[in-house]
Amino acid sequence: MHVYGELKNISNKAMKNVVVTALFYDSNDKLLNEFRRSSELRTVNPGEISPFEVLYIDSKTVNAIKNYTLSAAGQETEMKARALRITSNSSKLGLTGVYYVKGRIVNEGSEDATNSMIIATLYDKDGKVAVVGRAQTEPVNISSHSEAAFDLPVTEALQTYKVKSYSLLADSDQYVVIPEFSQAIVMELLFLTFTVAV
């Protein structure tokens, strides 16, 4: 069982090592299990949104789940500069159920962007998170004022057929995406705050 969702940093401080904790209960409100997972963004700046995915891996009790709760906590850190710009993107659903997102990204910062990755949040027709995908850019280290490509296959075929829209984030050790791009997509979707899909 996967719990997909988004968290928003509503504080005025950037947060790192953000961990989502999911508590799962049966029909008698008895705690079955607890699982944790880090948010997709390594640093979540104030007001920014990061997707997450929590995986329930106890096959003996998964069918007994009737309810769950979510919480998130992190550590204060310095804001991460916004210097990655997604310059183009396109998507398609393949015949085998793989959802492909590809495009290009530019590093507008003065430093190299190392360990760069693209994060795709894919939504269903109601604006709920259907699945989350991630992939490294090519090259993974983007020199200052240089461009890289990304090709992100989302392989969860049971979820990809539900996808009606998506948003993209970029993250590296030094920088995150410039918000105009991701926000433009987000606003079309429904003001994404705290939507969760199972």
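Modeller: A strand here is a DSSP run of E with at least two residues, numbered from the N terminus. Glutamate 53 lies in strand 5 of this predicted model.

Biologist: Why is glutamate 53 called buried?

Modeller: The relative accessible area of glutamate 53 is 5%. Buried means under 20%, so glutamate 53 belongs to that class.

Biologist: What makes the approach of glutamate 53 to arginine 134 a polar contact?

Modeller: The side chains of the two residues come to 3.3 Å. A polar contact requires N or O atoms within 3.5 Å, one able to donate a hydrogen and the other to accept it; the pair therefore qualifies.

Biologist: Which residues is glutamate 53 in contact with, leaving aside neighbours within four places in sequence?

Modeller: Glutamate 53 is in contact with His2, Val3, Tyr4, Arg37 and Arg134. Each of these has heavy atoms within 4.5 Å of glutamate 53, which is what contact means here.

Biologist: Let us turn to the charged pairs. How do you know that glutamate 48 and arginine 82 form a salt bridge?

Modeller: The N to O distance between their side chains is 2.7 Å. The cut-off for a side-chain nitrogen of Lys or Arg and a carboxyl oxygen of Asp or Glu is 4 Å, so the pair is a salt bridge. Glutamate 48 sits in the loop between strand 4 (43–44) and strand 5 (49–55), while arginine 82 belongs to strand 7 (residues 81–93), and the two are 34 residues apart.

Biologist: Is glutamate 48 buried or exposed, and what class does arginine 82 fall into?

Modeller: Glutamate 48 has 12% relative accessibility and is therefore buried. Arginine 82, at 35%, counts as partly exposed, because that class spans the range between 20% and 50%.

Biologist: What makes lysine 80 and aspartate 171 a salt bridge?

Modeller: Their closest N and O atoms are 3.0 Å apart, and the limit is 4 Å. Lysine 80 lies in the loop between strand 6 (67–77) and strand 7, and aspartate 171 in strand 12 (residues 165–171), so the bridge ties together parts 91 residues apart in sequence.

Biologist: Why is lysine 80 counted as buried, and why aspartate 171?

Modeller: Lysine 80 has 8% relative accessibility and aspartate 171 has a relative accessible area of 0%. Buried means under 20%, so the label applies to each. The pair also takes part in a network of salt bridges that links Arg42, Lys80, Asp171 and Asp173.

Biologist: How do you know that arginine 104 and glutamate 147 meet in a salt bridge?

Modeller: The N to O distance is 3.0 Å, and a salt bridge needs the atoms within 4 Å. Arginine 104 is in strand 8 (residues 99–107) and glutamate 147 in strand 11 (residues 147–154), 43 residues apart. Arginine 104 is partly exposed at 35%, and glutamate 147 is partly exposed at 39%. The structure holds ten salt bridges.

Biologist: What is the phi of asparagine 115, and where does asparagine 115 lie?

Modeller: Asparagine 115 has a positive phi of about 55°, although not a glycine, and its place is in the loop between strand 8 and strand 9 (117–123). Its relative accessible area of 36% makes asparagine 115 partly exposed.

Biologist: What kind of peptide bond joins glutamate 138 and proline 139?

Modeller: That bond is cis, with omega about 5°. Most peptide bonds are trans. Proline 139 lies in the loop between strand 10 (129–136) and strand 11.

Biologist: Which residues have the most contacts inside the largest nonpolar core?

Modeller: They are Ile105, Ile118, Leu122 and Leu168, in a core of 45 residues. Strand 9 gives the largest share of this core, six residues.

Biologist: How many helices and strands does the chain contain?

Modeller: The chain has two helices and 14 strands. Of its 198 residues, 46% count as buried.

Technical notes
Residues numbered from 1 in each chain as written. Predicted model: local features only at pLDDT ≥ 70, side-chain atom pairs only at ≥ 80, totals over all residues. Heavy atoms only, no water. Helix = DSSP H or I, 4+ residues; strand = E, 2+ residues; numbered from the N terminus. Buried < 20%, exposed > 50% of the residue type's maximum accessible area, 1.4 Å probe, protein only. Core = buried A, V, L, I, M, F, W, Y, C linked by side-chain atoms within 4.5 Å.
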